[in-house]
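This report describes selected parts of one structure, taken in turn. The sequence and model are shown first.

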Amino acid sequence: MKEIILKYKIIIIITVLISSIFIYSNKTYSLYEISRNTTIDNAKIYKSKTYYLNTIKKNTKVNEDVKIKTFYVKKNENISLLLKRINLTTPLPILKKNKNNCFYNIKINDEIIIKYSNQIVKTITKKIKDGECTYNSSSNLIDINKIKLSENHEQLIFFNKIESSFYASAVKSGLNPNEIMSLADIFGWDLDFTQDIRVGDSFGVVLDRKYLNNKLNGSLIKYAVFKNRKKTFEAYFFKGKYYTKEGNALRKQFLKAPIDFYRISSHFNRKRLHPIFKTVRPHLGTDYAAPTGTPIYSTGDGKIIYKGTKGGYGKTIIIKHGNIYSTLYAHMSKYKKGIRVGKKVKQKEVIGYVGSTGYSTGPHVHYEFRVRGKHKNSRKIKFKKGKKLNNKNLVSMKAVHSKNESIYSWVKEAYK
Ligand SMILES: [Zn+2]
């Protein structure tokens, strides 16, 4: 019974989390944020759907008596049905099957825009991958118009101080969810975003957003800074990787956490009250609570040496990394397909999925880090510095970033 209540609680928490992320990510930019961004360039934010409709409106002279109706195709709908709904008859070319007739097979979620006046169809337009397909009543033909791709770039600055959670503060700064994940990945070698982040920490990001036809197509973080308590971490992008100012790769032998940052339930503690046994038992690992099915990564390159059910650990995988280190991942719901003893895995390769098998009160991954067989707190181990760039590359990295250095130092000093 308790388990059921707990499950419901978790479901409710997850639903609230997901919906708040959704609401936040659709939030329009406040003037304050735009003015902060304009320090470098004008922030132009488009919403693809409205943009599309606006271009349609702009490109055609709309008479007073022309009506426009937009449909998003639902299950079992066809073009005749949509037209019938607004009392229009279907033009013949649209009923004939041929390769130009994009209306013959319409799919769920297709966007169909119908223009008509005096109950007669003028045009029917369907948005296709890189343009649009239009039936025009004046020619009685269907034409496919590919839109020329226009590419725009914007360099933007985002920064904020952490007030409640890293994610919420990052959203508030104007970063989108993908950019937030990238930021966490960049510093994921030095910081465990589920545990190390504190109220009062701050971050700054200089990034390049690429737009295709004014629609956001991707972003690239060029520089990032993270102030975690007294420590400052910086990242410079160079040839597909991130480096410190001195040219040391941020990538390290081990990731700080085996899952993307989610809520954390229990810290490494040698004297913890076990939630099931209610006795003091050492907890020789770190628990990362996450929804069942969340992918679990190998934190380093290595070889699987154990896969199976291991008492209270439930479904468990142990990976050996060279001669000194090994890592253990427990309570999995299932293993990743193809994972078997003896298989070599890469860092951040998915090995299984979060579950609650074995002695466990809720879905989480129990992660252990061992050095020469002895349990260690993975969060406190200092790993070797990342590979250093050679002099020639370090010079070119500095050259690439030199014109932005003043912006970087400004972002870095935004919060003292
Ligand atoms: Zn545990």
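Predicted model: local features only at pLDDT ≥ 70, side-chain atom pairs only at ≥ 80, totals over all residues.

Strand S4 (residues 131–136) and S5 run antiparallel and are joined by six bridges. Glycine 131 has lysine 146 in S5 as its bridge partner.

## Helices H5 and H6

Two packed helices are described by the angle between their axes and the distance between the axes. For helix H5 (residues 166–173) and helix H6 (residues 177–187), the axes come within 10 Å and cross at roughly 125°. H5 is therefore oblique to H6. The crossing in which H5 passes H6 is right-handed.

On the H5 side, the residues in contact are Phe166, Tyr167, Ala170 and Val171; they meet Pro177, Ile180, Leu183 and Ala184 of H6. Sorted by class, this contact of H5 with H6 has eight nonpolar residues, no polar and no charged ones.

## Serine 326

Serine 326 lies in strand S17 (residues 325–332). Is this serine 326 buried or exposed? Serine 326 has a relative accessible area of 14%, so serine 326 counts as buried, the cut-off being under 20%.

Leaving aside residues up to four places away in sequence, serine 326 touches Ile319, Lys320 and His321, and also Glu368, Phe369 and Arg370.

Notes: Residues numbered from 1 in each chain as written. Heavy atoms only, no water. Axes fitted to C-alpha atoms, helices over the stretch in contact; angles between N-to-C directions. Helix = DSSP H or I, 4+ residues; strand = E, 2+ residues; numbered from the N terminus. Parallel < 35°, antiparallel > 145°, perpendicular 65-115°, else oblique. Left-handed = near helix turned anticlockwise from the far one by under 90°. Contact = heavy atoms within 4.5 Å. Nonpolar A, V, L, I, M, F, W, Y, C, P; charged D, E, K, R; others polar. Buried < 20%, exposed > 50% of the residue type's maximum accessible area, 1.4 Å probe, protein only. Pairing = 2+ DSSP bridges.
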